[in-house]
Amino acid sequence: MPTLLLNCDLGESYGARRVGMDAEIMPHIHQANIACGLHGGDPLTIAETLALARRHGVAVGAHPSYPDLEGFGRRSMDLPAAQLVALMHYQMAALEGMALTQGLQLAHVKPHGALYNDMLAKPGVRAAVLQAMARYHRPLTLILQATPQADAHREEARAAGVALQLEAFADRRYLADGALMPRSEAGAVLDARQMLEQAERLCNEGCVIAADGSRLRIAAQTLCVHGDNPASVQAVKALRALVAGG
């Protein structure tokens with residue numbers, strides 16, 4: 001088994017808006033987080049992405065977001081917990097239904113964009129996400145960023161009866177407190193060489209080098225990658241060989 005699974009956000013095209021290189025990246029990952037229609041992912045795109053995952057034996061998960069097509073799910077929204085739970089269920093159930101028609105079982109849930117960030121930063125949002133997971137009709141694993149608060153997050157998930165899978169990021173620079181450097185800052189997104197170096201360190205040492213030069217320990221089971229262009233696809237191919245041990 002690989003030291004780390006590779007997960008990627010896919011199926012985010014919508015109508016004429018094309019996002020990512022799904023067909024090229026799918027053969028090299030273990031988990032596909034598939035958009036559910038509220039930030040990206042029209043019905044045909046979802047169906048085609050599921051078919052790709054089936055063809056390549058990739059586990060499929062829901063990638064729910066705030067209802068924000070215009071902003072690609074990157075704008076935070078202050079929603080009541082009940083509304084957020086309903087939004088999660090709406091998206092999870094839609095993707096699960098489409099997956100079942102192709103003989104696939106939904107395996108996990110990874111929130112997208114601002115919802116993912118809010119889940120980490122705001123206890124109320126995290127509680128609502130855990131509530132949505134716990135109340136769904138069957139158990140699914142929640143993917144959450146591995147941070148120095150990982151033990152507390154595991155305890156929250158355990159109390160809610162939710163399985164948790166912690167993730168690290170191959171192509172993002174970390175701050176010393178375990179947060180990701182904002183994309184707006186120079187150097188926040190690593191180039192292909194830096195990404196491979198960070199992934200190798202995560203596999204072999206369980207740590208990354210933070211922006212201030214300190215070593216930051218990260219206990220993760222899955223590694224988030226992106227396949228937005230040919231260079232990144234080639235980098236993910238190299239990552240797959242790395243996490244598989246050569």
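User: What do the buried residues of H5 pack against?
Analyst: They pack against helix H3 (81-100), E4, H4, E5 and helix H6 (150-160). Helices (H or I, at least four residues) and strands (E, at least two) are DSSP runs, numbered from the N terminus. Contact means heavy atoms within 4.5 Å.
User: Before we go on, where do these values come from?
Analyst: This is a predicted model, so local features need pLDDT of at least 70, side-chain atom pairs count only at pLDDT 80 or more, and totals for chains, interfaces and linings use all residues. Residues are numbered from 1 along each chain as its sequence is written, and side-chain values use heavy atoms, with hydrogens and water left out.
User: OK, back to H5. Which residues in H5 are buried?
Analyst: Val125, Arg126, Ala128, Val129, Leu130, Ala132 and Met133. Buried means under 20% relative accessible area, exposed over 50%, and partly exposed in between (1.4 Å probe, protein chains only).
User: And how many residues does H5 have, and what should they span?
Analyst: H5 has 13 residues (123-135), which should span 18 Å at 1.5 Å a residue, and its end C-alpha atoms are 18 Å apart, so the two agree. The expected span is 1.5 Å times one less than the number of residues.
User: Switching to strands: in what order do they close into a barrel?
Analyst: The 7 strands go E1-E2-E3-E4-E5-E6-E9, with parallel pairing. On average, neighbouring strands of this sheet are turned by 35° against each other, direction ignored. Two strands pair if DSSP finds at least two bridges between them. Axes are lines fitted to C-alpha atoms, for helices over the stretch in contact, and angles run from 0 to 180 degrees between N-to-C directions.
User: Which strands does E9 pair with?
Analyst: E1 (residues 5-10) pairs with E9 over 4 parallel bridges, and E6 (residues 164-169) joins E9 through 3 bridges, also parallel. Thr222 in E9 is the bridge partner of Leu5 and of Glu167.
User: Which way do the E9 side chains point?
Analyst: Thr222 and Cys224 point one way from E9 (residues 222-225), Leu223 and Val225 the other way, and all are buried.
User: What about E2 and E3, how many bridges there?
Analyst: E2 (residues 31-35) and E3 are parallel and share 5 bridges, with Asn33 partnered to Gly61 in E3. As for E3 (residues 59-63), 4 of its 5 residues are buried.
User: New topic: how many aromatic pairs are there?
Analyst: The structure holds 1. Tyr116 and Phe169 are edge-to-face, 6.3 Å centre to centre with 80° between the planes. Tyr116 lies in helix H4 and Phe169 in strand E6, so the pair ties together parts that are 53 residues apart in sequence. Rings of Phe, Tyr and Trp (its six-membered ring) pair if their centres lie within 6.5 Å; planes under 30 degrees apart count as stacked, over 60 as edge-to-face and the rest as tilted.
User: Is Tyr116 buried or exposed?
Analyst: Tyr116 is buried, at 5% relative accessible area, and Phe169 counts as buried at 7%.
User: Last one: which residues touch the most others in the largest nonpolar core?
Analyst: Ile29 and Ile218, out of 69 residues. A nonpolar core is a set of buried Ala, Val, Leu, Ile, Met, Phe, Trp, Tyr and Cys residues joined through side-chain atoms within 4.5 Å. Not counting residues up to four places away in sequence, Ile29 touches Leu6, Cys8, Leu10, Val58, Val225, Val236 and Arg240.
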